[in-house]
Amino acid sequence: MHQEPLTLIGVSDISGRVRGKAVPSSDLPVRLKQGIGWTPTNVMITAFGPIGDTPFRGLGDILMLPAPETEVMVDFGADAVPEHFLLADIVNTDGTPWACCLRTFLKRAVEALRAAAGLCAYCAFEQEFVYLAAMTAFHNGYSFDAFRRQGAFGGVFMHALKAAGAEPECFLPEYAPGQYEVTCAPADDIAAADRAVIIRELARASAVRLGQRATFAPIIDPNGVGSGVHIHMSLRDRDGRPATHDPQRPFGLSELAAHFVAGILQHLPAICAVTAPSVISYIRLTPNRWAPTRINLVQQDREASIRICPIFERHGGSAASQFNFEFRVADATASPYLALGAIIWAGVDGIRRKLPLPKASTSGDEKMLPRSLDQALDLLAATREAKEWFGDVLLDAYIRHKRHEIALVRDLDPAEQCRRYAEVY
């Protein structure tokens with residue numbers, strides 16, 4: 001049976017899902033120049049499908065313009081359909097960036113950091129997910145047995161990541177039943193976010209080729225342990241030199257890095273609405289789930305909101321090049337472009353205002369993270385700086401989108417909420 005080779009062109013949207021269109025692969029050179037038509041209201045498609053309160057109605061036309069550097073081509077073998085896709089920016093028909101392009105949102109944050117301090121963010125996304133075929137009734141965390149239960153999936157997945165140039169480093173069984181984590185090498189800001197999207201899609205693609213499913217939902221059992229996204233970050237100057245570490249200062253953070261982290265902590269209650277943007281994100285962010293619950297910066301604490309990571313003695317590697325901090329209040333219902341962009345924007349505000357790190361506190365007097373998406377959205381809407389970060393159009397669209405998502409699952413019990421999110425992520 002003959003088949004026309006197809007290439008997917010897509011965007012990571014407000015729901016954190018990748019949506020787009022397929023074109024004949026032979027037409028790709030033309031599409032790279034001309035783009036492919038898209039509709040503004042598509043950005044309002046919720047995780048579960050229905051479009052609610054849209055500011056765009058049925059009006060307007062925009063274009064997805066593929067980014068050549070994001071091209072992924074993976075051959076899964078003679079008996080499997082290959083995977084070929086590109087991620088895209090969204091532009092107006094005159095070629096200018098569209099107000100609700102999330103990749104542009106991150107680009108603007110990157111430019112703001114460069115303008116404020118001459119720095120860029122060097123990042124890596126650690127991502128957890130559940131391979132449903134490997135689930136058992138009991139926790140089997142980190143064991144060789146848990147690794148064996150995923151069968152061929154890990155090898156197929158790592159092959160796909162290498163073929164895509166994602167530089168995979170480690171694939172491991174995690175704590176929860178059927179849960180795994182993948183880590184890849186760091187990259188500069190936008191490339192790191194592209195890579196995070198690609199990793200999720202290739203995990204799903206690898207599972208499908210094996211007749212199975214992988215889900216990146218924040219938690220699949222309200223009584224269990226969830227899956228997070230941990231964003232490792234350091235700052236580099238225009239020449240690529242590390243600019244995060246100063247061993248003589250608190251937490252080992254350089255002056256600029258301290259201001260950057262202070263900005264993140266200052267705005268963390270609001271940016272939770274972007275980095276942990278689902279109803280069930282806040283089931284995960286509760287005590288005793290290996291997840292943060294307080295707004296804090298702690299040295300080497302895996303329940304901290306921001307963790308200072310350890311430095312290991314390595315041949316030929318300086319302390320400054322290894323040093324990084326880890327943002328842990330995130331999960332895969334967030335578009336990587338939105339999550340990383342919000343973190344950088346908050347850090348830029350810290351640099352502009354020269355915010356100091358908070359004084360050392362104990363767990364008894366630390367402020368708590370928001371307890372629901374509703375609460376986080378209220379805080380985001382009340383944040384004056386967010387209007388600069390997002391722009392009026394995107395901020396309005398984002399809050400409308402998430403309010404409708406809340407309404408779709410508000411009356412469901414937590415178990416059913418988890419089931420529905422697991423189905424779509």
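Cys 120 has 12% relative accessibility and so counts as buried. Buried means under 20% relative accessible area, exposed over 50%, and partly exposed in between, with a 1.4 Å probe and protein chains only. Cys 120 is in no disulfide; its nearest cysteine sulfur belongs to Cys 123, 8.2 Å away. A disulfide here is a pair of cysteine sulfur atoms within 2.5 Å.

Cys 418 is also in no disulfide, and the nearest cysteine sulfur, that of Cys 272, lies 18 Å away. Cys 418 is buried, at a relative accessible area of 0%. The disulfide count by this rule is 0.

## Basis of the model

This is a predicted model: local features need pLDDT of at least 70, side-chain atom pairs count only at pLDDT 80 or more, and totals for chains, interfaces and linings use all residues. Residues are numbered from 1 along each chain as its sequence is written, and side-chain values use heavy atoms, leaving out hydrogens and water.

Strand β1 covers residues 6–12. Strands (E, at least two residues) are DSSP runs, numbered from the N terminus. Of the 7 residues in β1, 5 are buried, so the strand is largely enclosed by the rest of the structure.

Two strands pair if DSSP finds at least two bridges between them. β1 pairs with β2 (residues 18–24) in the antiparallel sense, over 7 bridges. Val 11 stands opposite Arg 19 in β2. Their hairpin has 5 residues between the strands, and Gly 16 takes a positive phi near 85 degrees there.

β1 also pairs with β6 (residues 83–92), in the parallel sense and over 3 bridges. Here Ile 9 stands opposite Leu 86 of β6.

Notes: Helix = DSSP H or I, 4+ residues; strand = E, 2+ residues; numbered from the N terminus.
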